[in-house]
Amino acid sequence: MSDHSTHSFDKPIVFYDGFCNLCNGAVQFILKHEKSPHLLFASLQSDFARELINQNKIPSSVDSIVLYHNNKADVKSKAAFRIAQHLKAPWSLVNIFSFLPQPITNAGYDLVAKYRYQFFGKKETCPMPSKETRDRFIDI
């Protein structure tokens with residue numbers, strides 16, 4: 001899927017760091033445990049993401065996961081909790097922690113994000129999705 005207008009999407013889009021092994025693993029995890037194939041995916045390094053960032057719909061400082069839906073971008077722990085709502089149990093139960101103050105959950109998120117390359121590694125290029133899931137990815 002490429003050359004799409006940002007206005008043509010009615011499904012939530014998960015933006016992720018395409019070079020990060022942890023982030024790519026999270027995308028594969030989401031695909032495997034989703035309640036239904038509802039989410040779309042795009043690398044933050046894609047032209048599509050850069051276009052949204054330039055339109056200020058995604059904060060330019062974001063370098064990890066974003067959930068974009070209805071012209072609104074959720075980042076960090078809020079994005080993770082919102083994505084978890086799309087997962088089958090028991091994974092959807094992550095939302096029980098969403099009652100915690102966002103500064104606390106974001107601090108935990110930031111700690112993992114800060115060291116994600118050191119602990120999980122980094123790819124030189126964004127991996128290509130499988131044939132079965134390719135239609136769920138934007139601007140590959």
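## Strand pairing and the sheet

Two strands are taken to pair if DSSP finds at least two bridges between them. In this predicted model, four strands form an open sheet whose order is β2-β1-β3-β4, and the pairing within this sheet is mixed. The edge positions are held by β2 (40–43) and β4 (72–75), each of which has a single partner strand, so one side of each is left without a neighbour in the sheet. From one strand to the next, the twist averages 25°.

The pairing of strand β3 (residues 66–69) with β4 is antiparallel and comprises four bridges. Within this pairing, V66 has V75 in β4 as its bridge partner.

## Helix α2 on the sheet

Helix α2 packs on the sheet, where it touches β1, β2 and β3, and the direction of the helix makes about 100° with that of β1.

## Aromatic pairs

The structure holds four aromatic pairs. One of these is formed by F15 and F48, whose rings lie 5.8 Å centre to centre with 15° between the planes; given that planes under 30 degrees apart count as stacked, this pair is stacked.

Technical notes. Residues numbered from 1 in each chain as written. Predicted model: local features only at pLDDT ≥ 70, side-chain atom pairs only at ≥ 80, totals over all residues. Heavy atoms only, no water. Phe/Tyr/Trp six-rings, centres within 6.5 Å; stacked < 30°, edge-to-face > 60°. Helix = DSSP H or I, 4+ residues; strand = E, 2+ residues; numbered from the N terminus. Axes fitted to C-alpha atoms, helices over the stretch in contact; angles between N-to-C directions. Contact = heavy atoms within 4.5 Å.
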